[in-house]
Amino acid sequence: MTSAADGRRREPQAPGAPAQEQRARALLEQLTLAEKLAMLDGDTPFWSGMADIALHNASHQHPWPAGVVPRLGIGGLHFVDGPRGVVLEGGATTFPPPIARGASWDPELEQRIGVAMARETRSFGANLLGGVCVNLLRHPGWGRAQETYGEDPVHVGAMGAAMSRGVARHAIACVKHFALNSIDSARFRVDVQATPRVLHELYLPQFRDCIEAGALAVMSAYNSVNGAWCGQHPDLLSDILKRRWGFGGFVLTDFIFGVRDGVAAVLAGQDLEMPFRMVFEACLLEAVASGAVPLSRIDDAVLRLLRAQLSVPPGDYSASLRACPEHRALAREAATKAIVLLKNEPLADGGPLLPLAGVASIAVIGRLAAEANLGDRGSSDTRPAPGSVVTPLAGLRAAAPELEIRHCDGRNLAEATALAAAAEVAVLVVGLDWRHEGEHIHAGDIAPILRHTPPPDPLLRRIGRARLLPLWSKLTAGFAAVASLGSARPGGDFASGDRTELNLEPRQEALIRAVVGANPRTVVVLMGGGGILSEAWRQLVPAILLLWYPGQQGGEALADVLLGRVSPSGRMPFALPTDHAHLPPFHPRTRQITYDLWHGYRRFQRDGHSSAFPFGFGLSYASFRHSELAAELVEGPAGATDPEAALLLELTVHNAGAMVADEVVQVYLEPPGRAVERPVRSLIGFQRLTLEPEQSERLRLPIPLRRLAYFDEARDGFALEAGRHRLVVARHVEDPGLAVDLELEPRLLGP
């Protein structure tokens with residue numbers, strides 16, 4: 001591996017033990033050219049696979065195989081999706097989605113969830129899990145906001161790395177979607193423009209964190225970056241991923257439509273087209289024969305696939321692992337730690353409404369209180385066993401059978417207000433579901449890609465390649481034109497997707513006003529995965545909880561927090577504004593957009609806007625104090641990922657409350673800002689810890705020096721500015737906090 005001083009590039013590293021590498025190379029030598037080429041795409045023929053999806057919902061029925069070579073005992077790769085749990089029918093555990101788990105700020109918990117998902121993956125006969133989603137939440141209206149951990153690269157990187165480590169215990173962790181994939185309704189056509197500084201500071205480091213944590217698969221994105229499709233982008237796939245970062249694993253396409261030009265994709269560093277035999281099968285044999293694609297590139301791709309396969313530990317994984325008591329308990333823990341207490345104002349009698357105590361009756365209002373609301377119904381749609389999802393209503397009734405708990409769905413305002421008025425407390429559950437946000441496909445965007453799709457094998461055999469291919473090109477071009485017309489209708493082809501309006505539906509806002517008017521002791525519980533603006537009503541209610549999509553045990557988690565059995569400890573993984581105008585430009589059907597350094601809390605601070613709920617914000621039933629803050633520069637490894645140097649930060653954290661509770665210590669940098677435009681503050685580290693009442697703990701937190709640096713395009717590496725660096729330990733990004741200053745000398749830290 002080269003150092004920063006002698007070239008700033010890393011040689012690709014072979015993962016695993018030397019014996020595995022020798023075995024992979026021995027298998028490579030035994031493969032024929034035809035077998036090698038067959039390993040570079042999914043094992044399912046295109047047309048039968050598409051029919052399987054259309055007729056039998058195949059993505060929820062079985063893993064997708066690739067690279068199986070029975071002659072040599074090569075078992076291949078077997079892919080399943082799963083950001084919130086394995087998506088196959090069969091009762092796998094449904095966890096809260098990544099955005100909710102991001103609100104826990106708990107990498108240790110996320111690693112345990114990765115282990116659980118990997119074990120359940122293996123129970124289905126799969127070994128490759130597409131469950132590590134780390135694209136930044138640039139805009140809280142992104143339809144797939146629920147599939148990432150938040151808006152900040154340090155926070156997202158820590159959570160994604162933890163998931164990668166957990167999955168790697170039993171399977172191959174697939175990190176996606178590489179890169180800048182954060183507009184869903186235009187993902188097949190949008191070109192994202194970004195400078196090298198923007199890429200390396202914001203939109204790529206979390207992928208790097210996952211790779212350094214052991215992820216051996218990276219899925220390329222559908223969109224293009226700086227004019228090149230991500231599935232065939234040499235700068236992203238070869239220069240940055242494989243050379244700069246030394247990635248020894250493999251790159252696979254996003255499914256079905258991830259390749260436009262097969263030769264360009266392979267030359268750029270694409271290793272595997274999934275899930276069907278499509279573009280690669282149609283072009284690679286001829287390309288290798290003509291010399292357009294060197295055999296060495298084919299061998300490199302195959303070797304990467306073999307290495308990853310051999311890294312998977314052997315073992316039998318029983319179906320009894322799925323939704324076993326241990327995994328359900330883990331889902332409950334995740335849902336509990338994800339809940340963010342956004343507001344808990346004192347009532348007229350002087351005390352806050354939460355936790356609920358001494359009440360005899362509760363009115364639970366809202367359709368979502370009694371429904372299984374798990375999130376998107378796209379590729380991350382899970383299939384828990386029938387009757388296994390604990391709704392908010394069911395969770396409360398089970399936790400407090402002695403209370404009178406009555407429910408109505410809220411469609412009739414008169415009924416809802418009467419029920420609220422008759423109860424001591426009203427719990428109103430509102431928010432989003434799969435109809436409002438999620439994965440989105442416009443047929444007109446994918447139709448042009450079909451021009452690269454090979455015709456059915458029976459037609460090839462009957463008509464012949466020479467006669468059929470020109471006709472096939474005309475037929476697919478015609479289909480593209482027709483489908484493009486169909487996708488032009490307002491709203492696209494599905495009800496969900498990206499959102500530009502972040503308020504609740506008017507009928508839900510009217511319900512909030514009516515219920516709190518009938519009973520001022522009202523708790524609003526918000527469900528959803530993206531941003532929800534609350535300016536029209538949040539001043540009216542005394543208490544607000546953000547439940548997210550809470551997974552299959554979420555009702556139990558909500559009951560624990562409402563009843564005070566657990567102190568809420570979630571923290572916002574993104575900042576919510578007071579006005580849509582404070583957000584960056586976002587158009588779901590755009591063809592080109594520029595990503596800069598300014599989104600989320602960075603943008604609000606630059607523009608002088610306070611957040612409705614800042615990044616890192618969350619209330620507790622306890623009270624914490626931070627004191628005795630100190631920091632020093634430590635040369636050489638100090639538990640940090642950067643081997644050159646790190647900061648070692650120390651402080652004392654004290655729980656001054658009356659109950660055990662978790663605190664999330666957040667460390668922000670205020671840089672010198674002398675010559676380079678930098679954020680006012682940016683997250684550089686965090687630590688979650690549990691404290692008993694009146695307990696104090698001395699926390700030691702190593703922080704890689706790279707997190708204090710900016711990417712210097714002229715020197716192609718991260719550079720540390722000279723001058724005073726202020727480190728602020730705060731409850732959230734807008735909290736004044738506790739600060740310590742360090743004078744640092746300039747240095748170049750590497751690529």
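Where is glutamate 628 found in this structure? Glutamate 628 belongs to strand β19, which spans residues 624–635. Please keep in mind that this is a predicted model.

**Backbone geometry**
- Most residues other than glycine have a negative phi, and most peptide bonds are trans.
- Glutamate 628 is not a glycine, yet its phi is positive at about 55°; with a relative accessible area of 56%, glutamate 628 counts as exposed.
- Leucine 180 also has a positive phi, near 55°, and lies in the loop between β5 and β6 (191–193).
- Leucine 180 is buried, because its relative accessible area is 2% and buried means under 20%.
- Lysine 176 and histidine 177 are joined by a cis peptide bond with omega of about -5°, and histidine 177 sits in strand β5 (residues 172–178).
- Another cis peptide bond runs from leucine 354 to proline 355, with omega near 0°; proline 355 is in the loop between β12 (340–344) and β13.

**Helix α15**
- In helix α15 (residues 413–422), the buried residues are Ala416, Leu419 and Ala420.
- These residues cover an arc of only 100° around the axis, so they lie on the same side of α15.
- The buried residues pack against β13 (361–365), β14 (404–408), β15 (425–431) and α19 (506–518).
- Ala414 and Ala422 are exposed on the other side of α15.
- At the start of α15, a side-chain oxygen of asparagine 412 comes within 3.0 Å of the backbone nitrogen of alanine 414.

**Surface patch**
- Leu33, Leu285 and Leu295 make a nonpolar surface patch of about 250 Å².
- Leucine 285 is part of helix α11 (residues 279–290) and is exposed, with a relative accessible area of 52%.

Notes:
Residues numbered from 1 in each chain as written. Predicted model: local features only at pLDDT ≥ 70, side-chain atom pairs only at ≥ 80, totals over all residues. Heavy atoms only, no water. Patch = residues over 30% accessible without salt bridge, like charges linked within 9 Å, V, L, I, M, F, W, Y side chains within 5 Å. Areas by Shrake-Rupley, 256 points an atom, 1.4 Å probe, with all protein chains shown as cover. Salt bridge = Lys/Arg side-chain N within 4 Å of Asp/Glu carboxyl O. Helix = DSSP H or I, 4+ residues; strand = E, 2+ residues; numbered from the N terminus. Buried < 20%, exposed > 50% of the residue type's maximum accessible area, 1.4 Å probe, protein only. Arc of directions from axis to C-beta. Contact = heavy atoms within 4.5 Å. Polar contact = N/O pair within 3.5 Å; in protein donor to acceptor, adjacent residues only side chain to side chain.
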